[in-house]
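Colleague: Could you take me through this model at the level of individual helices, loops and ligand neighbours, with the conventions explained as they come up?

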Amino acid sequence: MNERPILVTGATGKLGQLVVERLVALGQPVRVFTRRPGAAGALFGKTVQIAAGDFGDRTSLETAVRGVGRLLLLSPISARLVMDQVAAADAAVAANAARIVKISGSDWTIAPAGNSISGAAHAAVERHLESLPIDTISLRPNAWMQVSLANTISHAITNNQVIAANLDAGIGYIDARDIADVAVHQLLADRIRGGTLNLTGPDVVSFRQIAAQLAAALKRSVAALEKPPRIVPQDGDFEHRAVAQFISLIAAGRAATTTDVVWTQLGRSPRTVAAFILEQVAPAAADPEYQP
Ligand SMILES: NC(=O)c1ccc[n+]([C@@H]2O[C@H](COP(=O)([O-])OP(=O)(O)OC[C@H]3O[C@@H](n4cnc5c(N)ncnc54)[C@H](OP(=O)(O)O)[C@@H]3O)[C@@H](O)[C@H]2O)c1
């Protein structure tokens, strides 16, 4: 067991929570960095140390990293992503942390350069991490089942429709629980190789196939409809422009990739879209009145 706590940023978010739960279950000392200590307390109780703070508040970051051995670096897509993550990484190095594991953007948002403002921001942080004198690794997960696929599923449960810009575009969706498992593995391993890891699910599934799987699981028809993506103005906010770029890249088939990284890291297959769909529709399949 590590003596020094592992600091998790983004701990109250969708992926961070999964990472914290796993580290706590393994008996690791964990400190979480949050603007909402009350929310963190409600989520994790007394199982973690809570460092209240904000990436933009240098003093709170310096306090949070004090005595920390390793850092799980995660922050939301925003115009501040580079500034916030570089500040957290530099604070960790100054506090003699030994390792940083970063949750980066999907590989297809980062390479080739120039397609995605979010990918460019993550790439800038990855380059900074590689220049640091400690162990660092950046995990590049493909689209998460718990985000875009979960939205598609809940829309289908409510409206009996799957809508996409290109129904035949495939995605190598990954389950966030697998991302968390790999992140924990990288945080706790004796040695890591550094660089980047491109994480995907086991197979590429198109929106048309998702509609068919949903229809089978819900035992009713689910229409598959093509609709052009909404145009987001160039002066729109960072997150909306980033998401619009993701939708275009996905429609162009860029997310249709799989790798064997989860298998290589964990010695087991990643979770499937089919299993995720069954899990998500179970309440609706049991009760036709159910609304997500
Ligand atoms: N969704 C996908 O398909 C996908 C794919 C690849 C990569 N990613 C990457 O995953 C990341 C998002 O992860 P997520 O969805 O788990 O995040 P999330 O659920 O949106 O949670 C955001 C977290 O960041 C914390 N946070 C936000 N602003 C902060 C600030 N100023 N100071 C301190 N903490 C702050 C929040 O904590 P408090 O509110 O408690 O302070 C919260 O825990 C992004 O970097 C994205 O690029 C996502």
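Colleague: Is the crossing of α9 and α12 left-handed or right-handed?

Modeller: This is a predicted model, in which local features need pLDDT of at least 70, side-chain atom pairs count only at pLDDT 80 or more, and totals for chains, interfaces and linings use all residues. Residues are numbered from 1 along each chain as its sequence is written, and side-chain values use heavy atoms, without hydrogens or water. Helices are DSSP runs of H or I with at least four residues, and strands are E runs of at least two, numbered from the N terminus. If the near helix is turned clockwise from the far one by less than a right angle, the handedness is right-handed, and the crossing of α9 and α12 is right-handed.

Colleague: At what angle do the axes of α9 and α12 cross?

Modeller: The axes (lines fitted to C-alpha atoms over the stretch in contact, with angles from 0 to 180 degrees between N-to-C directions) of α9, residues 207-218, and α12, residues 273-286, come within 9 Å and cross at roughly 40 degrees.

Colleague: How far apart are the axes of α7 and α9?

Modeller: Helix α7, residues 145-159, packs on α9 at an angle of about 50 degrees, with their axes 11 Å apart, so that α7 is oblique to α9. The α7 helix passes α9 in a right-handed crossing. The distance between the two axes is 11 Å.

Colleague: Which peptide bond is cis?

Modeller: Most peptide bonds are trans. Proline 112 lies in the loop between α5 (107-110) and α6 (117-130). With omega near -5 degrees, the cis bond runs from alanine 111 to proline 112.

Colleague: Where is asparagine 96 placed?

Modeller: Although asparagine 96 is not a glycine, it has a positive phi of about 70 degrees. The place of asparagine 96 is in the loop between α4 (81-94) and β5 (99-103).

Colleague: How much of the ligand's accessible area does the protein cover?

Modeller: A ligand oxygen is 2.6 Å from an N or O atom in the side chain of threonine 12, while another pairing places a ligand oxygen 2.6 Å from a polar backbone atom of serine 75. A polar side-chain atom of aspartate 54 lies 3.1 Å from a nitrogen atom of the ligand. Of the 930 Å² of accessible area (Shrake-Rupley, 1.4 Å probe) that the ligand has on its own, the protein covers 86%.

Key: Polar contact = N/O pair within 3.5 Å; in protein donor to acceptor, adjacent residues only side chain to side chain. Parallel < 35°, antiparallel > 145°, perpendicular 65-115°, else oblique.
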